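Dear colleague,

Please find below the structure that I am handing over to you. The main findings follow it.

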Amino acid sequence: MTKSKPQKQIHLAAHFPGVNNTTVWSDPRAGSHIDFSSFAHFAKTAERAKFDFLFLAEGLRLREQGGHIYDLDVVGRPDTFTVLAALAAVTDRLGLTGTINSTFNEPYEVARQFASLDHLSDGRSAWNVVTSWDAFTGENFRRGGFLPQDERYSRAKEFLATANELFDSWRGDEIIADQATGTFLGDAKAGAFVHEGKHFDIHGRFNVPRSPQGRPVIFQAGDSEEGREFAASSADAIFSRYAALDTGQAFYTDVKSRLAKYGRRSDQLLILPAASFVLGDTDAEAEEKAHEVRRQQVSGATAIKHLEFVWNRDLSGYDPEGPLPDIDPDPGEHHIARGRAQVRMYRDPLAVAREWRELAAANNWSIRDLVIETGNRQNFIGTPATVARTINDYVQADASDGFILVPYITPGGLDEFADQVVPLLQEQGVFRRDYEGTTLRDHLGLTHPDASGLAHRAAS
């Protein structure tokens, strides 16, 4: 008799949108993307639903298109560390994950901020390590410019390794604080570090004692060959853009297969795609609702802007409800939409234009129809039961280890998922009814590293 495979436990997290047009900021139900009350509502909902963590992305420059602010999108947000530190005071168990750039920051500063956040939150901090690919963003920083892709990842790897050396410069037992003898430190060398490398040459004393997790949980989001290798060698979890079953399984298999060469087990790296959702009383109602949401997300003006990502031309004179332009894209080096990640998705704009024209002709699509149908599609659509079943099916089929949910309304869009879908997953026995540990590493089933860089399993 074949032994059945044990059910995997699903990991769930919530992404507060605000630097992309997933969110429908013009909806009357939408709130501020700056007021702390919005972040607090969102975080409290995620914690009430026993999610693993809340995630904040970060934009380091306002978006421009043709030299003008791209105001059809939500632009910018308050400083990540400030928001997460404030959220630590209004939550007790929810992990707090922030995107911090390794291209335009320094290891000492970032390590100090994450160690401080880990102390303030009693062990709930996580760092999404990213690089910056464009000189446009770099203009905001003293060093300026940007690095080629191989250099970006080389710097990121050394940045993370250096930060880990700083975290590990405290063992955790140095503070004696004996009031009778007046002895505070039991080791005069606490916090001492020396790092000499290609990108960083620093030495001194790290002034934040060892935090509850030892190190923050490390996330990575790159999909390139370099990004996948970086995640396999150094990350605790990787964000994935592959939320469909077949592409998710392929990504899952590829990344997990890379772990053995680094002496790591499959369960030491979690794969968590971002996913949006639309719920309804019936599957048909949810589909109709999802169609309306997509039209809210992609106004006529937004559709034209999106088309300019590929065409690299000013298309403001075209009717978004009309046919695609008959002129070809400009494949020139200087792009009209500098700094936008979508530009990198369309590396062969002439080929993309041909494909889109064929799709539009075959389906009688306007510009707006095309943009709606080729992007911004919700991943999970249906009744709460349908969505719960689909999420569980994907996780059990090794398309992911869970999902980072991105509601289209903030801050209240997560509420219905928490109230209607989570209880069904709990009934199936695939999602926790309560937190079993106190740190984010506990929630994710990850090890707690000791100061030598070795890891030990956290006490349950």
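Helix 2 and helix 3 are roughly parallel to each other, a label that covers angles under 35 degrees, while over 145 counts as roughly antiparallel, 65 to 115 as roughly perpendicular and the rest as oblique. The model is a predicted one, in which local features need pLDDT of at least 70 and side-chain atom pairs count only at pLDDT 80 or more, whereas totals for chains, interfaces and linings use all residues. Residues are numbered from 1 along each chain as its sequence is written, and side-chain values use heavy atoms, with hydrogens and water left out.

**Helix packing**

The angle between helix 2 (residues 80-88) and helix 3 (residues 107-120) is about 15°, and their axes lie 9 Å apart. Axes are lines fitted to C-alpha atoms, for helices over the stretch in contact, and angles run from 0 to 180 degrees between N-to-C directions. Helices (H or I, at least four residues) and strands (E, at least two) are DSSP runs, numbered from the N terminus. The crossing of helix 2 and helix 3 is left-handed, meaning that the near helix is turned anticlockwise from the far one by less than a right angle; clockwise would be right-handed. Helix 2 contributes Phe81, Leu84, Ala85 and Ala88 to the contact, and helix 3 contributes Val110, Gln113, Phe114, Leu117 and Leu120, where contact means heavy atoms within 4.5 Å. Of the residues in the contact of helix 2 with helix 3, eight are nonpolar, one is polar and none is charged. In this division Ala, Val, Leu, Ile, Met, Phe, Trp, Tyr, Cys and Pro count as nonpolar, Asp, Glu, Lys and Arg as charged, and the others, Gly among them, as polar.

Helix 1 (residues 36-48) and helix 2 cross at roughly 55°, their axes coming within 10 Å; the two helices are therefore oblique to each other. The crossing of helix 1 and helix 2 is right-handed. Phe36, Phe39, Ala40 and Ala43 of helix 1 meet Val83, Ala86 and Leu87 of helix 2, and this contact has seven nonpolar, no polar and no charged residues.

Helix 9 (residues 300-311) packs against helix 12 (residues 367-374) at an angle of about 75°, with the axes 9 Å apart. That makes helix 9 roughly perpendicular to helix 12. On the side of helix 9 the residues are Gly300, Ala303, Ile304, His306 and Leu307, and on that of helix 12 they are Ile367, Arg368, Leu370 and Val371. The contact of helix 9 with helix 12 has six nonpolar, two polar and one charged residues.

**The barrel**

Eight strands close into a barrel with parallel pairing, in the order 1-2-5-6-11-12-13-16; two strands pair if DSSP finds at least two bridges between them. On average, neighbouring strands of this sheet are turned by 30° against each other, direction ignored. Strand 11 (residues 217-220) and strand 12 (residues 237-240) run parallel and are joined by two bridges. Phenylalanine 219 stands opposite alanine 237 in strand 12. Helix 3 packs on the sheet, where it touches strand 5 (95-101) and strand 6 (125-130), and its direction makes about 155° with that of strand 6. Helix 7 (residues 245-257) lies across strand 12 and strand 13 (270-275), at about 150° to strand 13.

**Aromatic pairs and backbone details**

Rings of Phe, Tyr and Trp (its six-membered ring) pair if their centres lie within 6.5 Å; planes under 30 degrees apart count as stacked, over 60 as edge-to-face and the rest as tilted. The count comes to 19 aromatic pairs. The ring centres of phenylalanine 380 and tyrosine 394 are 5.8 Å apart and the planes stand at 65°, so the pair is edge-to-face. Phenylalanine 380 belongs to strand 15 (residues 380-382) and tyrosine 394 to helix 13 (residues 384-396), 14 residues apart.

The peptide bond from threonine 410 to proline 411 is cis, with omega near 5°. Proline 411 is in the loop between strand 16 (402-405) and helix 14 (415-420). Aspartate 122, in the loop between helix 3 and strand 6, has a positive phi of about 60° although it is not a glycine.

Yours sincerely
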